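Take a look at the structure below. We will go through it step by step, from the whole down to single residues.

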2 protein chains.
Amino acid sequence: MFRTAAVAAVVALAAVSAQAKPAPSAAADANAAIVAAALRDKALTDPTAYEIVESLTTEVGPRLAGSPGAHRATEWGVAKLKALGFRNVRAEAYTTPVWARGPESAEVVAPYPQHLVILGLGKSVPTPAGGVEADAVIFPSLAELLDAPMGSLNGKIAVVTQKMTRTQDGSGYGAAVRARGIGASEAARRGAVAFLVRSISTRDDRLPHTGGVSYLADAPKIPAAALSPSDATLLDNMASRGQPIRIRLNMASTASDAGAAWNVVGEIPGREKPEEIIVIGGHLDSWDPATGAIDDAAGIGITTAAARLVGSLKQPPRRTIRVVMWGSEETGGAGQAYYDAHKAETANTILAGESDLGADRIYTLRLPKGSAKAPQLKPLASVLAPLKIFINGQDAQFAGSDTEEIQKAGVPVVSFAQDASRYFDIHHSADDTLDKVDPEQLNQNVAAWTAFLYLVANSDIDFRALAVAAPAAKP
Amino acid sequence: MFRTAAVAAVVALAAVSAQAKPAPSAAADANAAIVAAALRDKALTDPTAYEIVESLTTEVGPRLAGSPGAHRATEWGVAKLKALGFRNVRAEAYTTPVWARGPESAEVVAPYPQHLVILGLGKSVPTPAGGVEADAVIFPSLAELLDAPMGSLNGKIAVVTQKMTRTQDGSGYGAAVRARGIGASEAARRGAVAFLVRSISTRDDRLPHTGGVSYLADAPKIPAAALSPSDATLLDNMASRGQPIRIRLNMASTASDAGAAWNVVGEIPGREKPEEIIVIGGHLDSWDPATGAIDDAAGIGITTAAARLVGSLKQPPRRTIRVVMWGSEETGGAGQAYYDAHKAETANTILAGESDLGADRIYTLRLPKGSAKAPQLKPLASVLAPLKIFINGQDAQFAGSDTEEIQKAGVPVVSFAQDASRYFDIHHSADDTLDKVDPEQLNQNVAAWTAFLYLVANSDIDFRALAVAAPAAKP
């Protein structure tokens, strides 16, 4: 909120300048810096991003790929992009496996009968009808489960209660999430009949966090669920008494190999080089227990609002900005579907970026290799500085799950690193709702994306060439 | 944690002194101040209170009056008091109405189909089989519901989305909880067929908070449930669009008029005046969705640990300290049952206190009227000061729900005011679990109760006489 009367005057001027003066040149001219800064400030009070998040969470709600909610979300996305003035708006259909949760329950039967709060992991197989009841083996870490001999869990329910570390950059997630991903298969290899994992969460509360299980091809598929952090602590404390713990687990779910999914696409067509495309977006699907406000209505709102602001200048950008609402990030396949549908455009896709780490503020920007000192991006550091965003010394390695396929095919990526300190308190739990979104932090994201997009879309910067020319990273 | 080597030396001395020198006198002698301070410091590292909370929440868990959990809790309480060396340990049976939750669900049917996270209010009647479905009327405050004309809610589901204010002293609860208490009956009077209320909670999350509904005698009894705060916000946002909102509600529950309940009692018998009794305690029952760590295993732990520390001196206290674990604070009747069973002792009950506002630190102490300057309590201010507790200028008005009956019968009460800033984030929700208890804050409570108990139990202070002699409060 650092807009002043003086800045407002510059905005008015900039809007005119942008219209009057086409700006294609190797180096960004002074005008570009002024317009980028003015757009940044306009973004800070623009209601679009929050309105998108409010609309999607209120009017659609949960929207796991293949569910009726996902179908409604697709219709919502097409209507929203059209209403906001995007062009070439369409829903690109593809086929996806579909999984749907059924009733779930768990309880300690002995020595201390207690209800356990669980949430089945996405794509988990159900228990047999009537459930499973077995003695539990509690492992305080995944490493201890991996150390257990083959056969040692025959007929048991394996439980991993490993905790997750809170980090600003989200790296604690990568370390912890293996237990959720491969834990079930590693337990099954050792004979287990079911698997429970402490939620991959940074908060100690009674809400479990779901997320996909990754069954390995060579292990039996066993039912897998997340315990709320508080329930994992309860099991740790019961286990400390040394008596056998008996658990009963009931999980129903249905799955099918082929359901309908859609990537929703809309564009701000470029005025000079419409074939050169900048792809940005978030994912439209969400896990089923929540309305998916931070994961990832926020990413949809941020990128759509930023593209719209750049497109709202009287003079369109030189290059095309394409917003994509990917349809199945959580369960997989959306990035592949996008790549398959747009293979022919890969070489002309200048850059890709995804916003998928919540609604909290950006603290650093990682640029494509070799581009940090490009003259076209010279204004960036000073435009982002008032937002308390610095340009990172490291190159962008990853933009998001949905851009991985086009990245593999050679598309350069950009990464706006959001502060993830609070993200994993909420992520994948029923608590991912609108009230977790701070409009001011959301708009800080929009401001950064808008300024960056404006500069790239109105320049001739060639990230591929810069990467080739860049010196090799020091080992 | 301000115990030092010098203090440790004093503790050793004090233990001997307390044994060697009976201390009955009108004014507390210097020795009393030393022993009280030494006990305070011992309490700060005493593991008893936390062990009690851990044991009750781990080995028993939820324990609503009349449930199997409450029966197990009673057995647990008797065994625990005996194991800790209390005397005259018994479970005093009484009869109580019993209510048990059944399956519950709610959803918005139109205009935007979404699941709602609810928790039936305690003692709510069930919906008819098959549930109720009706248009909703959303009231942002109870006052607006009360302003609605009779008949205006015919056939509707009334919803109150009033928010609760966070306060240190818990006064925000009193202001907000009326909506939960009388909202259903006031809605029913106006024709409503069901009632939903935003959880009486200071946190915006997806966990609903239960609590008793208070049906008024002259209104039809309609089903009543708490919405999670996030779901109440969702309904507010849907309502802002001006379209009719249709809700479906299903709630099952069972109730009976007469079930078994127990107040569990144990004593540190007085050495000189065993007939003079100080009654302290917490309540053993809890709401059903959680393990009742802060409500009120903490109160049980704090008061039991404090009484035990005073009783662990080589010389018992002059007066009897009685610890009571009341059996049905949440659903009512425990204080009446205690009064009925102990009517004959009322005149000799010197003082009563209850710990029932969580596990966070005490910040002020309210004494019985006229006693703040009593010579027997002279050491209190300096003993409590290192704990950051000040003696309040206001008299104690209320100690807890379970001591109200004996207070009405003339028993003076004391009130240790805990910091309630965080309490209503957790209270009555599934999130009331062990991990919410900070052992250091818990022991600050134990330290304060221990020092105070020691001084009162080893003195001849007569709170009734002091109250009579006290000047009338200024109007």
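Start where the copies meet. Of the interface residues of chain A, 100% are also interface residues in chain B, so the two copies meet through the same surface. Keep in mind that this is a predicted model.

How are the copies related? Two copies of a chain are related by a rotation about an axis and a shift along it.

Now turn to helix α8 of chain A, residues 293-311. Its 19 residues, at 1.5 Å a residue, should span 27 Å. The end C-alpha atoms are 25 Å apart, which agrees. Is this helix enclosed or open to the outside? Buried means under 20% relative accessible area. By that rule 17 of the 19 residues of α8(A) are buried, so the helix is largely enclosed by the rest of the structure. D296(A) sits in helix α8. The peptide bond that leads from D295(A) to D296(A) is cis, with omega near 15 degrees.

Another cis peptide bond joins A110(A) to P111(A), with omega near 5 degrees. P111(A) belongs to the loop between β1 and β2 of chain A.

Which element supplies the largest share of the lining? That is α6(A), with 6 residues. By class, the lining has 15 nonpolar, 17 polar and 10 charged residues.

Finally, look at some loop residues. K388(A) lies between α10 and β13 of chain A. Its phi is positive, near 60 degrees, and it is not a glycine. With 65% relative accessibility, K388(A) counts as exposed. H428(B), in the loop between α12 and α13 of chain B, also has a positive phi, about 70 degrees, without being a glycine. But H428(B) is buried, at 6% relative accessible area.

G155(B) is in the loop between α5 and β5 of chain B. At 40% relative accessibility, G155(B) counts as partly exposed. Leaving aside residues up to four places away in sequence, G155(B) touches A134(B), G191(B) and V193(B). Its C-alpha is 9.3 Å from that of A136(B), 19 residues apart along the chain.

Methods:
Residues are numbered from 1 along each chain as its sequence is written. Chains are lettered from A and ligands numbered from 1 in the order in which they are written. This is a predicted model: local features need pLDDT of at least 70, side-chain atom pairs count only at pLDDT 80 or more; totals for chains, interfaces and linings use all residues. Side-chain values use heavy atoms; hydrogens and water are left out. Helices (H or I, at least four residues) and strands (E, at least two) are DSSP runs, numbered from the N terminus. The expected span of a helix is 1.5 Å times one less than its number of residues. Buried means under 20% relative accessible area, exposed over 50%, partly exposed in between (1.4 Å probe, protein chains only). Ala, Val, Leu, Ile, Met, Phe, Trp, Tyr, Cys and Pro count as nonpolar, Asp, Glu, Lys and Arg as charged, and the others, Gly among them, as polar. Contact means heavy atoms within 4.5 Å.
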